[in-house]
Amino acid sequence: MRPTPAVERRRRARRGSVARPVNGRLYRASFLVVVIPLLLVAFASSRTGVLAAPELPPNFDGPGAEALATELSTSYPNRAPGSAGALGAASWVRDELRGFGLPVSTDAWTGRLPGGGTARLQNVWAVARGQSRNAIVVMAHRDDTGVGPGANDNASGTAALIELARGYAASAGAAGGPAVLPAHSIVFLSTDAGAAGGLGALRFAERLPLRVEAVVNLTGIAGRRAPRLLFSGDTPHTAASLLLDTAARRISEQTGAEPQRATVLAQLIDLGFPFTLGEQGPFVARGVPAVTVTTGGERAAPAFTDRPKGLDVSHLTQLGRAAQELVGSLDLGVQPEHGTPAFVWVGGRAVRGWAVALLLIALLVPYLVTVVDLLAHTRRRRIPIAPAFRSLARRVAFWLFAGVLFVVFGLLGAWPRDPSRPPNPAIEAAGDWPVLPLLLLVLLLAACWLGWRRRLTPRRRIAPEELLAGNVAALVGAGVVALLVLATNPYALLFCLPALHAWLWLPQVRDRGAGVRWPVFAVGLIGPLLPVLSLGLRFGLGFDAPWYLLELVSVRYVSPAAFAIALAGGACAAQLAMVAAGRYAPYPRPGERTARRPIRSAARRFGATRGGRYPAR
């Protein structure tokens, strides 16, 4: 017979007991601090407006640009950085720009490519002098992966760059036309190694020869997919809102539809985990407003399909004219705001990044308040908490040791180290992860863990109070990790908050079945997995995403501080998982510790399984 509701209520653990330690009322009341940040988010969103369009209609020659793209991709189908085709393509671009009477400059250097090789690289640019030395840069990389002719990525962008240069050369009188100077100097930049991680764009961004007001990057603009704008950076910043909205307006005027942008969640992920394959990234990271116009999406189409017959002339014409009008709008004298503050675009409105960061910080407060109360609860009940913290410290030490070992392997040349830009996933070096060193690292860590875990495995029945202490110590550690994340990048709290708010209730469901404990733990993993899922789904890496993420760490695109914080968070998660699995043990007291060394203990266990006999110590 089913018990009555009154009996069921009596069987429920008393609030504040070891079985029900989390103060739910305090947790819910703490969410009142979120109200003000929510109001600020609402009031901090606005429509930024757009710059006016030039009075003269665009004269961009789409069929002429298509002919240039076809000529470049057929004459130099292999333009991989450092190849003979890349050198020939650089000379071809240089000759085309010089034919307009514009002064042409070349920056040549020896750079390291993904995979460890070096190559001679060149940036080529021409300048249409304006009334001011402040410059607007129109940019396109001319190289390809070497697999296909690269007709769209990026012969189309290079062809559009040359066609735009022709128009400005004529207006400036360089080719016999009327001398009508633009308000700003216009730089037409052809970069190298764009398909190898944007090394040419990084080089130019680090050594700006002029004061650059804005950058318009053209990449794969003759594809059949819908036009798209890329605006994230290598740091938690985005393109200036006025530049982005003006670019969107100019494109919609030519195509009849708004260009695609990253979703709200994708924008938040890009702020929390700054990553972009677009060449606007190095400029945005250095405070220069920059935007990429493309039809290739977050990641370009496969190289073997990128042939001249697949060029979409209508898209090439429309986006070429939109780029010409965008440069004209920027040249009218009203520039985007200086710098690159963070924005999140929701619909047609831009929400300022500081309001989003404040909201994320406010969402952290209920967790911290409840964890402090939970820690005080263990102290009031005189539950020993020090052994749980020592167990956590031992786990953190092992995870950080694993990170140090990973770095040591990198210093020995096991992993790729240069350059400091994310490698293009389409090139072989990005997916050719060294399996043997990785296997050796895993085996070495497994062997070390056999000795490290001796004092982390249960040797007796663990009391409920000790299990609660193990949970509380891990939750306090996770709170410290969240504060470190806040100090380095507040937007990265997006990856911590789901875990914190889900795992906070693990002590409450500790006595429930595995069908309750593990789903609660799994929900918390959603946040930390967001960067991996973003790499796998948005950038087409699939199951290679974890290895690519390690490659970003090895080339130092992910900072060592962020790597160490992530490892410490992994140690806290590991302790919570051990409590949920029933495999947690507090750090043993001196009388509980064994005197055997790891190798001797392993040998005794091996001998026992083989029937051998070893003398007792």
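**Close-up 1. Three cavities of 30 Å³ or more turn up when the whole structure is searched.** This is a predicted model, where local features need pLDDT of at least 70 and side-chain atom pairs count only at pLDDT 80 or more, while totals for chains, interfaces and linings use all residues. Residues are numbered from 1 along each chain as its sequence is written, and side-chain values use heavy atoms, leaving out hydrogens and water. A cavity here is a set of points, on a 1 Å grid over the protein atoms alone, where a 1.4 Å probe fits but cannot get out; its volume is the space filled by probe spheres set on the points, which are joined across faces, edges and corners.

**Close-up 2. The largest cavity holds about 90 Å³ of space.** Its lining (residues with an atom within 4 Å of a point) numbers 13 residues, with Leu230, Phe231, Ser232, Asp270 and Glu298 nearest the centre. Strand β7 (residues 228-230) gives the largest share, three residues. Strands are DSSP runs of E, at least two residues, and helices are runs of H or I, at least four, numbered from the N terminus.

**Close-up 3. Three strands form an open sheet in the order β1-β10-β9, with antiparallel pairing.** Pairing requires at least two DSSP bridges between two strands. Four bridges link β9 with β10 (residues 349-352), and Val344 has Val351 in β10 as its bridge partner.

**Close-up 4. Helix α19 (residues 526-537) meets helix α20 (residues 545-554).** In contact (heavy atoms within 4.5 Å) are Val532, Leu535 and Gly536 of α19 with Ala545, Pro546, Tyr548 and Leu549 of α20.

Definitions and conventions
Axes fitted to C-alpha atoms, helices over the stretch in contact; angles between N-to-C directions. 1 Å grid on protein atoms, 1.4 Å probe; cavity = no way out; pocket = protein on both sides within 12 Å on 5 of 7 lines; lining within 4 Å.
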